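Trainee: I have a structure open and want to work through its packing. Can we take it step by step?
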Amino acid sequence: MNIRGIYGEGSKQGGDMYQISNKQTLGISETEIVKNLKLITEKIIEQERLARKILAKDQIELEDKVYRAFGTLTNAKKISSSEARDLLSEVKLGTDLGLIKELTDLKVKKLELYTKPANLQQYLGRQIESYERDIRRAEVIKQIIEEK
């Protein structure tokens with residue numbers, strides 16, 4: 001199996017998200033590939049849960065980290081897609097662990113979706129240059145966070 005950055009071969013990891021794919025395609029059935037991928041995914045989930053327990057041992061540091069990310073997302077005047085992705089990863093951890101109660105999982109997913117460049121432009125209904133996109137992204141983030 002290969003573990004790559006979120007956008008595949010040659011890409012960097014971002015927002016603690018990765019792409020998992022199989023190396024071997026010849027001489028192995030699709031059923032075997034899916035079985036192997038499922039086993040590896042289960043191991044990764046197990047390791048993630050273990051890492052979360054270790055992180056939770058230092059509660060103040062963990063809370064500080066996730067709330068700093070939440071504070072930046074909530075108050076930034078402009079934010080790049082990569083910075084938003086990294087901060088949302090921290091915020092997602094905070095919501096998953098029940099630390100950040102101001103956001104639901106659904107809102108985090110919505111934020112993850114609409115902070116990507118093309119999705120943001122689709123949401124806004126027009127194409128915009130990078131600098132303005134960073135400003136509009138910050139505004140959309142605030143809007144989504146404040147939704148009832």
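Mentor: Start with a term: contact means heavy atoms within 4.5 Å. Keep in mind that this is a predicted model.

Trainee: Which residues in α6 do Phe-70, Leu-73, Thr-74 and Asn-75 in α2 meet?
Mentor: Apply the contact cut-off, heavy atoms within 4.5 Å. On the α2 side, Phe-70, Leu-73, Thr-74 and Asn-75 take part. Their partners in α6 are Ile-141, Lys-142 and Ile-145.

Trainee: How do the residues of the contact of α2 with α6 divide into nonpolar, polar and charged?
Mentor: Lys counts as charged, and Ile, Leu and Phe count as nonpolar. The contact of α2 with α6 divides into four nonpolar, two polar and one charged.

Trainee: Is α2 roughly parallel or roughly perpendicular to α6?
Mentor: Helix α6 covers residues 130-146, and its axis is 7 Å from that of α2. The two helices pack at an angle of about 110 degrees. Angles of 65 to 115 degrees count as roughly perpendicular. So α2 and α6 are roughly perpendicular.

Trainee: What about α2 and α3: oblique or roughly antiparallel?
Mentor: Helix α3 spans residues 81-96. Its axis lies 8 Å from that of α2, at an angle of about 135 degrees. Roughly antiparallel needs over 145 degrees. The pair is therefore oblique.

Trainee: Is the crossing of α2 and α3 left-handed or right-handed?
Mentor: Take the two helices where they pack, with axes 8 Å apart. The crossing of α2 past α3 is left-handed.

Trainee: How many residues of the contact of α2 with α3 are nonpolar?
Mentor: From α2 come residues including Leu-62, Val-66, Ala-69 and Phe-70. From α3 come others, among them Leu-87, Leu-88, Val-91 and Leu-93. Two of the contact residues are polar and three are charged. The nonpolar ones number 10.

Trainee: Phe-70 turns up in both contacts. Is Phe-70 buried or exposed?
Mentor: Phe-70 meets α3 as part of one contact and α6 as part of another. The relative accessible area of Phe-70 is 10%. Buried means under 20%. So Phe-70 is buried.

Trainee: How many aromatic pairs does the structure hold?
Mentor: Rings pair if their centres lie within 6.5 Å. By that cut-off, the structure holds two.

Trainee: Which residues is Pro-117 in contact with, leaving aside its neighbours within four places in sequence?
Mentor: Pro-117 lies in helix α5, residues 117-124. Its C-alpha atom is 9.0 Å from that of Ser-80, 37 residues apart along the chain. The contacts of Pro-117 beyond those neighbours are Ser-81, Arg-133 and Arg-137.

Trainee: Last one. In what order do the elements of the protein run from the N terminus on?
Mentor: The protein has six helices and two strands. Of its 148 residues, 29% count as buried. The order of elements is β-β-α-α-α-α-α-α.

How values were computed:
Residues are numbered from 1 along each chain as its sequence is written. This is a predicted model: local features need pLDDT of at least 70, side-chain atom pairs count only at pLDDT 80 or more; totals for chains, interfaces and linings use all residues. Side-chain values use heavy atoms; hydrogens and water are left out. Rings of Phe, Tyr and Trp (its six-membered ring) pair if their centres lie within 6.5 Å; planes under 30 degrees apart count as stacked, over 60 as edge-to-face and the rest as tilted. Buried means under 20% relative accessible area, exposed over 50%, partly exposed in between (1.4 Å probe, protein chains only). Axes are lines fitted to C-alpha atoms, for helices over the stretch in contact, and angles run from 0 to 180 degrees between N-to-C directions. Helices (H or I, at least four residues) and strands (E, at least two) are DSSP runs, numbered from the N terminus. Angles under 35 degrees count as roughly parallel, over 145 as roughly antiparallel, 65 to 115 as roughly perpendicular and the rest as oblique. A crossing is left-handed if the near helix is turned anticlockwise from the far one by less than a right angle, and right-handed if clockwise.
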